[in-house]
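My entries follow in the order I made them.

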Amino acid sequence: MPAPYLTLKTVVEHETEVRRSRFICAVAPARSVEEAAAFIAGRRREHADATHNCTAYVIGQRVQKGDDDGEPGGTAGTPMVQALVGRGFSDVVAVVTRYFGGVLLGAGGLVRAYGSAVTETLDRAEPVRMVPAKRVRVSVAHDQAGRVENDLRASRHAVEDVVYARDVTFAVAVGEDEVAAFADWVATLTAGRARVDVGEDVHVPA
């Protein structure tokens, strides 16, 4: 069963210093591995002269990946992933850029430094709480489509897609506990002429 999680709307950046090493952390929303990879590539270009650009992302319920970028194995990417997951975040990416300050931190020091860089940055973010929902497809005849679309877009439910075929089908994200009431509302709106199909699990902002 899908669970609520936190995500971000915008990029948040924060810098810390540990024994003269600079740790610059940037966290950003990422709805896919491709979005995460693009953000990571951009940060690595921006800080091409850094000693390390270590990364972590959590996408959906299952995808978690960390990269130590040359730091000792398990001292950077893993604690960064753990920091994201531990705070309840998903659909996010983090890049911690390190400029070495001349003092070795040891494995334990690196784990603390990279994990803390992420948690301190998340402390400065304004998280968005995402709650379980269903993707509901509403199909209506073309002569009803204009009015139905206007009413759907005026509602608080997000219209994700519109497909024009023999009928017009709207894909709408509806909170799990609101599906029955939404179906009743659509039936009233269309005098019972709409077809409502409840589809896959998604999340919507609370």
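I call a residue buried under 20% relative accessible area, exposed over 50% and partly exposed in between, with a 1.4 Å probe and protein chains only. Helices (H or I, at least four residues) and strands (E, at least two) are DSSP runs, numbered from the N terminus.

This is a predicted model, in which local features need pLDDT of at least 70 and side-chain atom pairs count only at pLDDT 80 or more, while totals for chains, interfaces and linings use all residues. Residues are numbered from 1 along each chain as its sequence is written, and side-chain values use heavy atoms, with hydrogens and water left out.

**Helix α5.** I looked up which residues of α5 (residues 179–189) are buried, and found V179, F182, V186 and L189. They sit on the same side of α5 because they cover an arc of only 85 degrees around the axis, the arc being that of the directions from the helix axis to the C-beta atoms. A180, A181, D184 and T188 are exposed on the other side of α5. I then checked what covers the buried residues of α5: the cover includes β7 (128–140), α4 (142–154), β9 (168–175) and β10 (195–205), with contact meaning heavy atoms within 4.5 Å. After α5 comes A191, with a positive phi near 55 degrees.

**Strands β8 and β9.** Strand β8 (residues 158–164) pairs with β9 in the antiparallel sense over six bridges; two strands pair if DSSP finds at least two bridges between them. I noted A173 in β9 as the bridge partner of A158. The hairpin that joins β8 to β9 runs through three residues.

**Domains.** The assignment, automatic or from a database, gives domain 1 (5–125) and domain 2 (129–205). Their centres, taken over C-alpha atoms, are 38 Å apart. UniProt, in an unreviewed entry, places "domain: UPF0029" at residues 138–193; such annotations may be inferred rather than shown by experiment. That span, residues 138–193, is 43% helix and 32% strand, and its end C-alpha atoms lie 10 Å apart.

**Cores.** I took a nonpolar core as a set of buried Ala, Val, Leu, Ile, Met, Phe, Trp, Tyr and Cys residues joined through side-chain atoms within 4.5 Å. The largest has 25 residues, and F23, V27, M80, L84, V96, Y114 and V118 have the most contacts inside it. Among the elements that each supply at least two residues of this core are β3 (21–29), α2 (77–86) and α3 (106–123). α3 gives the most to this core, six residues. A second, separate core has 15 residues, including V136, F170, V172 and V186.
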